[in-house]
Amino acid sequence: MNRLYFDTAATTALDSQVLDAMLPYLQSKFGNPSSIYSYGRETRLAIENARKSVARLLNAHPSEIIFTSGGTESSNTAIFGAVRDLGCTHIITSPIEHHATLHTVEYLDKRDEVTVSYVNILPNGHTDLKHLEQLLQEAAPAKTLVTLMHANNEIGNITDLHAVGEICKQFQAIFHSDTVQTVGHFPFDLRNTPVHFITGSAHKFHGPKGAGLLYVNENVQIQSFLHGGGQERNMRAGTENVYGIVGFAKALELASANYETDSSYIRSVKLYLAEQLQQHIPAVTFNGDSFGNSNYTVLNVSFPKSEKSEMLLMNLDMNGICASGGSACTSGAQQGSHVIRAINNNPNQVAVRFSFCRHNTREEVDQLVEKLKVLI
Ligand code: PLP
C-alpha cells in the first residue's frame with residue numbers, strides 16, 4: 001500500500017546527504033573520541049567541527065553548545081540545572097508544553113524541590129504574557145525558572161522568545177525554551193536572543209534520532225545531568241554519539257541553506273490542505289492560531305465527531321495515512337491530547353494533527369482529502 005506520511009512533527013526521514021556524512025563514523029572512523037591516538041583524534045575533531053558549525057549557524061559560541069541524546073534529555077538537563085545549580089525554587093510553565101518539560105516539572109514539584117504555576121493559555125492557543133508577568137510578580141522574591149516552548153508540537157503556535165525573554169529579564173528569571181520544533185525550521189540568532197537554555201533534536205529536521213542539542217548561555221553555569229566521564233567539557237558524561245553529532249550538524253547545515261525555499265513550499269502545502277478541507281469537509285475547524293503566528297509545518301484539524309470519525313486515526317492508518325492525534329509519545333496510547341484539552345475541550349470533535357516537510361506534495365494532499373471525504 002502506498003503510504004502517505006503527514007507526521008513530520010513526530011519525526012522525519014533521514015536525508016541521504018546526512019547519512020553519507022554519518023557513515024564513515026559508523027564504519028572506518030570508529031575511534032573513541034577520548035582516545036589519544038589517531039583514531040580518537042579524528043573523531044574528536046569531527047565532534048568539535050560539528051560543534052563549531054552548529055554554533056555558527058545558531059550564532060552562539062561553541063562552548064555554549066552541548067550535544068545530548070535528544071530534546072528530552074536537553075530539557076531535563078536545563079530544568080534540573082536551573083533548580084539544583086542556579087537556585088530556582090519556583091517554575092512557571094504552561095499546560096500545553098511537551099511532556100519532556102511537563103513531567104520533569106511535575107517530578108520536581110512532587111519532590112517539593114519547587115513550587116509551580118501555570119500560565120494561562122488564550123483561546124487561540126497563545127500564552128497569556130500579561131498573566132506571565134503577574135505570575136512572576138507574585139513569585140518574587142523566589143528565584144524563578146520560566147519554561148515555555150517556542151512552537152507547540154501539536155497546534156504549531158509560536159511564542160515570541162524575545163517578548164518572553166524581556167519579561168524574564170525584568171524579574172531576573174531564568175528562561176528555558178523547548179525549541180525542538182523550530183531548530184532546523186527557523187533561523188536562530190542566539191547571541192541576540194534573551195534566553196538561557198534552548199533545545200534541539202536532529203530527527204525533527206531530517207537528521208538522526210537520538211541526537212540532540214542543549215544551548216546553555218555563557219552567563220549561566222550548570223552541572224552535568226549525567227555523571228561519569230568528562231565528555232562534552234564535563235557537561236555530559238558518556239562516550240559521544242559521534243555519528244549522531246555529525247548527523248545533527250549536517251542536517252542543520254542543510255536546513256539552514258534551504259530555510260527560505262523549504263519554508264515557503266511547506267507553508268503552501270499546509271495552506272492547500274486547509275483550503276481543501278474547508279471546501280470538501282463540512283464543519284471542519286482548526287485548532288490554534290493556524291494562519292497567524294504558527295509553525296508552517298503543522299495543521300491541527302478538528303472534525304465533527306460521528307460514529308465513523310471516532311475511529312478516524314485508526315481508519316487513516318488502515319488507509320496508509322500517517323497522522324497523529326497527540327504528541328508521538330502519547331498517540332499510541334490514544335489518551336487524547338492534553339494540548340487540545342487545554343484549548344478546545346469540545347467532546348463533539350475529533351482532533352488530528354497533520355504535519356509536513358519538503359517531501360509532501362499537493363498530490364498527496366489531494367489523496368488525503370479524498371480519503372477523508374470517505375472516512376468522515
Ligand atoms: N519537545 C518537543 C516539542 C517535541 O516535539 C519533542 C519530540 O517529540 C520533544 C521535545 C522530545 O524530543 P526527543 O524525541 O528528541 O527526545
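**Close-up views of the predicted model**

The structure shown here is a predicted model, and the legends below take you through it view by view.

View A. On the side chain of T72, an N or O atom sits 2.6 Å from an oxygen atom of the ligand. S201 places a polar side-chain atom 2.5 Å from a ligand oxygen, while D178 has a polar side-chain atom 2.6 Å from a ligand nitrogen. Of the 390 Å² of accessible area that the ligand has on its own, the protein covers 89%.

View B. Strand β7 spans residues 197-201, and F197 belongs to it. With a relative accessible area of 0%, F197 is buried.

View C. L14, L19, L23, L26 and Y243 make a nonpolar surface patch of about 390 Å². Helix α1 (residues 16-26) gives the most to this patch, with three residues. L19 is found in helix α1 and is partly exposed, at 34% relative accessible area.

View D. Across the whole structure, a search finds 14 salt bridges. One of them pairs R353 with D7, with 2.9 Å between the closest N and O atoms. R353 is in strand β12 (residues 349-355) and D7 in the loop between β1 (4-5) and α1, so this pair ties together parts 346 residues apart in sequence. Both partners are buried: R353 has a relative accessibility of 1%, and D7 has 10%. A second pair, D15 and R358, brings its closest N and O atoms to 2.5 Å. Here the loop between β1 and α1 is tied to the loop between β12 and α13 (362-375), because D15 lies in the former and R358 in the latter. D15 is buried at 13% relative accessibility, whereas R358 is partly exposed at 29%.

View E. Which side chain meets E48 in a salt bridge? The partner is R44, at 3.6 Å from N to O. Both residues lie in helix α2 (residues 38-58), four residues apart, or about one turn of the helix. E48 is buried, with 19% relative accessible area, and R44 is partly exposed, with 27%. Through shared partners, salt bridges join R44, E48, R51, E232, R233 and E240 into one network.

Key:
Residues are numbered from 1 along each chain as its sequence is written. This is a predicted model: local features need pLDDT of at least 70, side-chain atom pairs count only at pLDDT 80 or more; totals for chains, interfaces and linings use all residues. Side-chain values use heavy atoms; hydrogens and water are left out. A polar contact is a pair of N or O atoms within 3.5 Å; within protein, one must be able to donate a hydrogen and the other to accept it, and residues adjacent in sequence count only if both atoms are side-chain atoms. Accessible areas come from the Shrake-Rupley method with a 1.4 Å probe; for residues, only the protein chains shown count as cover. Patches are made of residues with over 30% relative accessible area and no salt bridge: like charges are joined within 9 Å, nonpolar side chains (Val, Leu, Ile, Met, Phe, Trp, Tyr) within 5 Å. A salt bridge is a side-chain nitrogen of Lys or Arg within 4 Å of a carboxyl oxygen of Asp or Glu. Helices (H or I, at least four residues) and strands (E, at least two) are DSSP runs, numbered from the N terminus. Buried means under 20% relative accessible area, exposed over 50%, partly exposed in between (1.4 Å probe, protein chains only).
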